[in-house]
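Subject: Structure handover

Hi,

Here is the structure for you to look over. My notes follow below it.

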Amino acid sequence: MGVHARRRRPRPAGTARHAYLPSAMRRQLETTLENLRTDHLDIYFFHNADFGPDDRYLDEAVAQMRDFQAQGLVTAVGMRGPHRLATERVTVPKDQRSDKYARFTYLAEKIRPDYLAARFNALTPPPPAGRPDIFTLARSLGASVLINKPLAQGLLTGKYDPDRPPVFAPGDHRLRKAWFTPGALKIIQDGLAPLRQAFGDTSAALTRVALQYCLQQDDNAAVLVGFTRPEQVTENLTAVGTPLTAAELAFVRDTLHRLQRNLDAHSEVFLDEKGADR
């Protein structure tokens with residue numbers, strides 16, 4: 001009877017048993033530093049919440065990240081917040097999904113990040129009753145908030161005309177989003193009308209309103225703003241110079257909350273939402 005040793009196949013380059021295995025985290029950071037030609041990162045994020053079965057790698061991953069800080073390789077630790085782009089939306093009916101807010105709060109309290117990154121803008125619905133919003137949670141942790149998508153991919157700047165809806169290339173993720181369809185764009189156009197009347201009928205004026213709405217949520221908030229044209233850079237930078245007054249902020253909040261509720265009543269956010277009936 002012969003004994004045959006089964007040869008283990010080597011893992012493909014760039015893979016590991018789990019992304020949050022400390023050795024894998026070290027390799028990824030070393031690769032990133034080399035690719036960026038730098039000796040440290042200002043901020044390094046926990047980008048997803050999968051820490052293995054029963055969070056097997058959570059404690060080790062947090063310890064490894066803090067070790068990166070101790071070595072001066074990473075200045076601040078970040079963590080990405082919950083958002084509507086969760087993959088559960090296409091596989092699990094809404095009433096059967098896990099509580100992503102509870103999960104995020106639990107992980108944030110374990111990780112104690114320096115920054116929380118979250119998609120937030122005036123169209124973002126409030127969290128469920130009893131759950132803290134991203135800013136309240138950040139304050140409880142002594143963390144700052146990095147806001148993504150503050151202009152809702154241009155929807156809050158009035159750039160889209162419902163009579164001439166945008167045409168996106170195959171594979172563009174906006175094709176799955178109901179907000180870019182003619183019916184939703186008409187709701188947005190009508191909902192922005194009071195702001196146009198109050199602040200000016202230009203994209204620069206609406207950009208200022210949208211960015212200040214985000215920045216004035218908290219003293220420790222920053223925005224990550226996209227652009228495609230040089231003039232948009234000027235609009236974005238100019239917008240932060242003049243804050244909204246308390247009365248203006250209340251008016252903007254009421255106006256855009258009404259717009260957000262009308263959008264939610266119109267349809268699910270994503271056209272591929274499982275169980276969507278509209």
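Strand β4 (residues 144-148) pairs with β5 in the parallel sense, over four bridges. Two strands count as paired if DSSP finds at least two bridges between them. Strands (E, at least two residues) and helices (H or I, at least four) are DSSP runs, numbered from the N terminus. Val 145 stands opposite Ala 221 in β5. Helix α6 (residues 203-215) packs on the sheet and touches β4 and β5. Its direction makes about 140° with that of β5. Angles run from 0 to 180 degrees between N-to-C directions, with axes fitted to C-alpha atoms, for helices over the stretch in contact. Contact means heavy atoms within 4.5 Å.

This is a predicted model: local features need pLDDT of at least 70, side-chain atom pairs count only at pLDDT 80 or more, and totals for chains, interfaces and linings use all residues. Residues are numbered from 1 along each chain as its sequence is written, and side-chain values use heavy atoms, with hydrogens and water left out.

The sheet

The open sheet has five strands in the order β1-β2-β3-β4-β5, with parallel pairing. β1 (41-46) and β5 (221-224) stand at the edges with a single partner strand each, so one side of each has no neighbour in the sheet. Neighbouring strands are turned by 30° against each other on average, direction ignored. Helix α2 (residues 58-70) lies across β1 and β2 (74-80), running at about 150° to β2.

Helix α1

α1 (residues 22-36) has 15 residues. Its buried residues are Pro 22, Ala 24, Met 25, Leu 29 and Leu 33. Buried means under 20% relative accessible area, exposed over 50%, partly exposed in between (1.4 Å probe, protein chains only). The buried residues pack against β1, α2 and β2. The face turned away from them carries the exposed Glu 30, Glu 34 and Asn 35. Arg 37 follows α1 and has a positive phi, near 55°.

Aromatic pairs

The whole structure holds nine aromatic pairs. Rings of Phe, Tyr and Trp (its six-membered ring) pair if their centres lie within 6.5 Å; planes under 30 degrees apart are stacked, over 60 edge-to-face, the rest tilted. The Phe 120 and Tyr 213 rings have centres 6.2 Å apart and planes at 5°, so this pair is stacked. Phe 120 is in the loop between β3 (115-119) and α4 (134-141), and Tyr 213 is in helix α6, 93 residues apart. Both Phe 120 and Tyr 213 are buried. Tyr 20, Phe 46 and Phe 51 form one aromatic cluster.

Best wishes

Note on methods
Expected span 1.5 Å × (residues − 1).
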